[in-house]
Amino acid sequence: TSAARSYAQSVRNDMEFTIDAIKQTIDSMAGLQGRKSLLYMSEGLPSIVGLELFEAIREKFQDTTATMQQFDFDISTKYVKIVQAANANGVTVYTLDASGLTTADVLSADTKTNKEVHISEFTARQNMQGPIRMMAEETGGTAAINTNDWKTNLDGIASDFSNYYSLGFRSAKGATDRPHSIQVTVKNKALRVRSRRSYVETSIETRTAEAVVATLTYPRTDNPLNAS
C-alpha cells in the first residue's frame, strides 16, 4: 500500500500541472470572438490516481483499507473546474484517446498464481477515459475512445465547424457572472442534439478583462481606438 501511495502521489503531482495547463489555455481563449474549440489528445486522464493499484491490492490481500485510501487521490473535481471554465468561456472541448483500441490482458490458469497481483486493464481504462469523456460531453464536444479510426473522428469534428445551430438568449436580469444550467431537446426522436450543459452570462466588466488577457496570447485585428 505504501508503494501504491508513493506512486499515486507522484502521478497526482504531474496531473495537477496538466490540469492547470488545460484550464489556463481555456481561460486565455475567453476574450476571443466566434466559435472556440480545444482539441485535447492524450492517453487519458485519471479520475482516481492509482485506482488500478489499490484495487489490485484489495483483491490480492482482501484489504478493504486499500479501497478507502484510493479516495485520497480522487481528483475528479478538478476536471469539473475545467468544464466550468470551458462553458463560461464558450469553449467546446474535443478529446481523443491516443491509446486507441486495445484488448485486455488475459492470464491463463497455469500462469496465475497467488504470488501475482493482476492489474485490471478494464478498471484502468475506465478510470482514464471517464474524465476525457465527461469534459467533451459537458461542453458539447465529442470523445473519440476505443478506436483507431482517427480520420472518421477528425472528419466529424471538422463538420461541427460548418454544420451547427447557434441558439442564444439574454436573461431579463442582466449579466451577473453566475453559472446557469441549460438543456436543449428536439421534438424529433430520430435526431440527436449535442450542446454544452451550462453557461455563464458574463458582465461587461468581465468581458473587457477577458479580451485584454486574450490579446496577450492571440492577436486581434480590430482596434477602433488605435491603442498601442
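Predicted model: local features only at pLDDT ≥ 70, side-chain atom pairs only at ≥ 80, totals over all residues.

Helices are DSSP runs of H or I with at least four residues, strands are runs of E with at least two, and both are numbered from the N terminus.

**Overall architecture**

The chain contains 7 helices and 5 strands, and from the N terminus on its elements follow the order α-β-α-α-α-β-α-β-α-β-β-α. Taken along the principal axes, the C-alpha atoms fill a box of roughly 75 × 40 × 35 Å. The chain has 228 residues, of which 31% count as buried, and it exposes about 14,800 Å², with carbon and sulfur atoms supplying 54% of that area. Among the contacts with a separation of 6 or more, 77% are between residues 24 or more positions apart.

**Helix α1 and its surroundings**

Helix α1 covers residues 2–28, a run of 27 residues, and reaches 39 Å from its first C-alpha to its last, close to the 39 Å expected at 1.5 Å a residue. Which elements do the buried residues of α1 pack against? They pack against β1 (36–42), α2 (51–61), α4 (76–88), β2 (91–97) and α7 (204–217). The buried residues themselves are Ala-4, Ala-8, Val-11, Met-15, Ile-19, Ile-22, Ile-26 and Ser-28.

Asn-127 is found in helix α5 (residues 121–138), and because its relative accessibility is 6%, under the 20% limit, Asn-127 counts as buried. A polar atom of the Asn-127 side chain lies 2.8 Å from the backbone oxygen of Ile-48. When residues up to four places away in sequence are not counted, Asn-127 touches Leu-45, Pro-46, Ser-47, Ile-48, Leu-51 and Glu-52.

**Salt bridges**

Side chains of opposite charge can pair when their charged atoms come close. Counting a side-chain nitrogen of Lys or Arg within 4 Å of a carboxyl oxygen of Asp or Glu as a salt bridge, the model has 6 salt bridges.

| Arg-197 | Glu-138 | 3.0 Å |

The salt bridge between Arg-197 and Glu-138 links distant parts of the chain, with Arg-197 in the loop between β4 and β5 and Glu-138 in helix α5, 59 residues apart. Arg-197 counts as partly exposed at 41% relative accessibility, and Glu-138 likewise counts as partly exposed at 23%.

Asp-155 and Lys-151 both lie in helix α6 (residues 150–160), 4 residues apart, about one turn of the helix. Asp-155 counts as partly exposed at 40% relative accessibility, whereas Lys-151 is exposed, with a relative accessible area of 59%.

Is Asp-160 buried or exposed? At 10% relative accessibility Asp-160 counts as buried, while Arg-194, at 33%, counts as partly exposed.

**A nonpolar surface patch**

Val-186, Leu-191 and Val-193 form a nonpolar patch on the surface, and together they have about 230 Å² of accessible area. Leu-191 is found in the loop between β4 (179–181) and β5 (198–200), and because its relative accessible area is 53%, over the 50% limit, Leu-191 counts as exposed.

**Positive phi outside glycine**

Gln-62 is not a glycine, yet has a positive phi of about 55 degrees; Gln-62 is exposed, with a relative accessible area of 66%. Asn-226, which is not a glycine either, has a positive phi of about 55 degrees. Asn-226 is found in the segment after α7 and is exposed, with a relative accessible area of 65%.

How values were computed:
Residues numbered from 1 in each chain as written. Heavy atoms only, no water. Expected span 1.5 Å × (residues − 1). Buried < 20%, exposed > 50% of the residue type's maximum accessible area, 1.4 Å probe, protein only. Contact = heavy atoms within 4.5 Å. Patch = residues over 30% accessible without salt bridge, like charges linked within 9 Å, V, L, I, M, F, W, Y side chains within 5 Å. Areas by Shrake-Rupley, 256 points an atom, 1.4 Å probe, with all protein chains shown as cover. Polar contact = N/O pair within 3.5 Å; in protein donor to acceptor, adjacent residues only side chain to side chain.
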